[in-house]
Amino acid sequence: MIDAMRAGTITITGHGGDEIEAYLATPEDGASHGGVVVIHHMPGYDAATKEMVRKLAVNGYQALCPNLYSREAPGADPDDAAATVRAAGGVPDDRLVGDVEGAANYLRSLDGANGKIGVIGHCSGGRQTFLSACSLQIDAAVDCYGAFVVEDPPPNMASMKPLLGLAPQLSCPLLGLFGAEDQHPSPEATAKLSAELDKLGKPHEFHTYDGAGHSFFAVDRPAYRPEAAVDGWKRVFGFFGKHLSA
């Protein structure tokens, strides 16, 4: 654990050269560190997500979360921003990839960066993590209950498409953390994804927690399941420690 860190809001260059808001947390120990792009969940760029960014920094990573909703709702309350983006059909996949690429480039430019980049996301961010790892050169990816990778999204999310066809392009090892009581994604969907990755020879490690549904990492929600979340975080840090060290 690292006692000293620096955290705050910055501006980065995202998709199409757009200047977007982001939240950065970095260890202040003078050592070399891997970088982690945190993709926020559908409820938005909120306090709980920023807490996760700081948790990553305390555990030895330069972590950055781009505000995916900063174009539609700059400066808005996270709930209001999320509602605005939902009404517009969600974040377009190509824009998401561009914003993650911009965040990864920013992390690589930091003093103390070792050049390794991981991506982690929860909920819609889990799906977008898989998308990013299939679209960019990433060193490690963590999908926390990302829906609509295998199954079709609801009609109101017209910008989303299933991503299973991108699996041959997966550029890095993938850690998947899921709830047995979740339906988005369901255990059947995650089993189908795992089977496809097995067939393709793509390194991955999936864990499904009994008694946990969607959002079991979310400490600010009734769905929070401490045992699953504690074990999940141990697996996240073990996975990033293996793949993002210099």
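**Note on the predicted model: cavities, sheet and local geometry**

1. The second largest cavity has a volume of about 90 Å³. Its lining is made up of 13 residues, and those closest to its centre are M42, Y69, G90, V91 and S124. The model is a predicted one, and the volume of about 90 Å³ is a computed value for that model.

2. Two helices stand out in the lining of this second cavity: α2 (78-87) and α4 (124-135) each supply at least two residues. The largest contribution is that of α2, with three residues. By class, the lining of the second largest cavity divides into eight nonpolar, four polar and one charged residues.

3. Which element gives the most to the lining of the largest cavity? Helix α1 does, with three residues. Both β3 (33-39) and α1 (47-58) supply at least two residues each to this lining. The class breakdown for the largest cavity is seven nonpolar, five polar and two charged residues.

4. The sheet is open and has eight strands, in the order β1-β2-β4-β3-β5-β6-β7-β8, with mixed pairing. β1 (5-13) and β8 (204-209) are the edge strands, each pairing on one side only. From one strand to the next, the twist averages 20 degrees.

5. Strands of a sheet pair through backbone hydrogen bonds, in either the parallel or the antiparallel sense. The sheet discussed here includes both senses. β3 and β5 (residues 113-122) are parallel and share six bridges; in this pairing H33 has A113 of β5 as its bridge partner. β1 and β2, by contrast, run antiparallel and are joined by nine bridges, with A7 opposite A25 in β2.

6. β1 and β2 also form a hairpin, with five residues between the two strands. G16, in the turn of that hairpin, has a positive phi of about 70 degrees.

7. α3 (residues 93-109) lies across β1, β2, β3, β4 and β5, and runs at about 155 degrees to β3.

8. A pair of aromatic rings is described by the distance of the centres and the angle of the planes. Over the whole structure, a search finds ten aromatic pairs. One of them is W233 with F237, a stacked pair at 5.4 Å centre to centre, with 20 degrees between the planes. Why are W233 and F237 separated by about one helical turn? The separation is about one turn because the two residues are four apart in helix α6 (residues 226-243).

9. Two backbone features in loops deserve a check by eye. The peptide bond from H184 to P185 is cis, with omega near 15 degrees; P185 is found in the loop between β7 (174-179) and α5 (187-200). F148 has a phi near 65 degrees, which is a positive value in a residue other than glycine. The loop that holds F148 is the one between β6 (140-144) and β7.

Conventions:
Residues numbered from 1 in each chain as written. Predicted model: local features only at pLDDT ≥ 70, side-chain atom pairs only at ≥ 80, totals over all residues. Heavy atoms only, no water. Nonpolar A, V, L, I, M, F, W, Y, C, P; charged D, E, K, R; others polar. 1 Å grid on protein atoms, 1.4 Å probe; cavity = no way out; pocket = protein on both sides within 12 Å on 5 of 7 lines; lining within 4 Å. Points joined across faces, edges and corners; volume = space filled by probe spheres on them. Pairing = 2+ DSSP bridges. Axes fitted to C-alpha atoms, helices over the stretch in contact; angles between N-to-C directions. Contact = heavy atoms within 4.5 Å. Phe/Tyr/Trp six-rings, centres within 6.5 Å; stacked < 30°, edge-to-face > 60°.
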